[in-house]
Amino acid sequence: MWGHLNNQCPKYPRRILDKKQKLLSFEATNELSGTLKAVIFNQNDCRDALCRMVVIDELPFRFVGGLGFRSFCAVIQPKFVIPSRMTIARDVVHLYNSEMEKLKKELTKDDQRVCLTTDCWTSNQQIPYLCLTVHYIDSDWCLKKRILNFVQISNHKGETIAKLIEDCLHKWGIERVFTITVDNATANDVAVSILKRRFNGWEGSVLNGEYMHVRCCAHILNLIVSDGLKELHHSISAIRAAVRYIRLSTARVEKLSACVVKEKIDFKGKLVLDVPTRWNSTYKMLEVALKCQKAFERYEEEDSKYLQYFLEEEGGKKKFGPPSKIDWANASRFVEFLRSFYQATLKFSATKSVTSNCFYLELGEIFNLLKNLALTNDSLLLDMVSNMKKKFDKYWGNLDNTNMLLYVAAVLDPRYKLGYITYCLVVSMMPKLFLISSSKFKHC
């Protein structure tokens, strides 16, 4: 029977006419380009590609047993024997181990030195987690980022964090660490000091780890702006209440969208409601709401319940709103003021490009912005700027609190070099810190 099917039956879909016959196939090298390649059907290659698809698209293992997927495979390649969900689960584990070995070799060959970033947080279920990421330059001079560990942690104590990171580095065979970037929690200070001693014992640190500890610039900037927005202006509260009212009902969202069309506003997005602990979400909320200002004003005329909503009490206090023209004008000034900090946060938080060299330039722009605004008579922003300046001085006002490698990165940038750094410290930015910085640059 098998001889008849494989050699004679013309309607058998898995019949192989010529085992050496290949087909031209377009192999994508990236999203925009690819190359032609001669391929031949291979069960193992197809199975490996299916395994990678399940991982990349985060599909459940039972996906391979679905009727739709099996019907699709029967049409596109009848020769492919679809594995079971248990087989795919084993293939995923095998793929993980294989990729782990490849990455381990890449991280340890040719005395590779790496940088680490780590963060801890607690989920909504009150479960603490830790994520450890490695950053390095490969042999082709390309910046790479890989997550080494994402795991539950018993607590946020420095000793616990340090032990977990040390165990992970042992597992990956990593000994040569350049820097560790963390946020400004006290526990992280303890963890880095412990790890510094460990790395010095492994002889894997630079300058005995003196410049190993890097404080996350995006986190510091978040603290600076959050301190300025601690006491939110009533104009922000009024716009937030208006956005919340619209988002409470799908019918209201559709009605506001109709107002956007009637006012001929070029806006296709959705309203954003901010999160109290993230100032950048407040910035995005105001930025989007300002685009729809005329639509909000028209909505007020068309919805009789809109004004009644603001007469209700919330937490024993009367709501602010609805937003007046003065509130919208104030919001516009807030957005203009916060835009520089938002753009700086995006630059600090970039993951696909080097960010250390842009620290000094952004630091100078933020310093000058706060200094100039502190001299204005704008009462709306003056208190906010005063609080932000105090927080800025706490973290960046003294070079002893800043990792000097961030300044060295700017010196190595061919656009700036040492002359530019010196000029900024002496003339435009922080002349009183010049003597301290000069000695530190020589030491580095």
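Analyst: Two strands are said to pair if DSSP finds at least two bridges between them. Helices (H or I, at least four residues) and strands (E, at least two) are DSSP runs, numbered from the N terminus. The model is a predicted one, in which local features need pLDDT of at least 70 and side-chain atom pairs count only at pLDDT 80 or more, while totals for chains, interfaces and linings use all residues. Residues are numbered from 1 along each chain as its sequence is written, and side-chain values use heavy atoms, with hydrogens and water left out.

By these criteria the chain has 18 helices and nine strands. Five strands form an open sheet in the order E5-E4-E3-E6-E7, and the pairing is mixed. E5 and strand E7 (213-215) stand at the edges with a single partner strand each, so one side of each has no neighbour in the sheet. The twist from one strand to the next averages 25°. Angles here run from 0 to 180 degrees between N-to-C directions, and axes are lines fitted to C-alpha atoms, for helices over the stretch in contact.

Within the sheet, strand E3 (residues 114-122) and strand E6 (residues 177-182) pair in the parallel sense over four bridges. Leu116 stands opposite Ile180 in E6. Strand E4 (residues 128-137) and strand E5 (residues 143-152), by contrast, pair in the antiparallel sense over nine bridges. The bridge partner of Ile137 is Leu143 in E5. E4 and E5 form a hairpin with five residues between them, and Trp141 in the turn has a positive phi of about 65°.

Most residues other than glycine have a negative phi. Two loops beside the sheet also hold positive values. Gln126 is found in the loop between E3 and E4, and its phi is near 60°. Gln126 counts as exposed because its relative accessibility is 61%; the cut-offs are under 20% relative accessible area for buried, over 50% for exposed, and partly exposed in between (1.4 Å probe, protein chains only). Leu207 is found in the loop between helix H6 (186-202) and E7. Leu207 is not a glycine, yet its phi is positive at about 55°. At 47% relative accessibility, Leu207 counts as partly exposed.

Helix H4 (residues 85-108) lies across E3, E4 and E5 and runs at about 55° to E4. Contact, here and below, means heavy atoms within 4.5 Å.

The cores may be considered next. A nonpolar core is a set of buried Ala, Val, Leu, Ile, Met, Phe, Trp, Tyr and Cys residues joined through side-chain atoms within 4.5 Å. The largest nonpolar core has 66 residues, of which Phe296, Phe337, Phe341 and Trp396 touch the most other members. Helix H13 (residues 325-348) gives the most to this core, with 10 residues. A second, separate core of 28 residues includes Met100, Leu116, Val182 and Leu195.

For the chain as a whole, buried residues make up 38% of the 444 residues. Among contacts between residues at least 6 apart in sequence, 64% join residues at least 24 apart.
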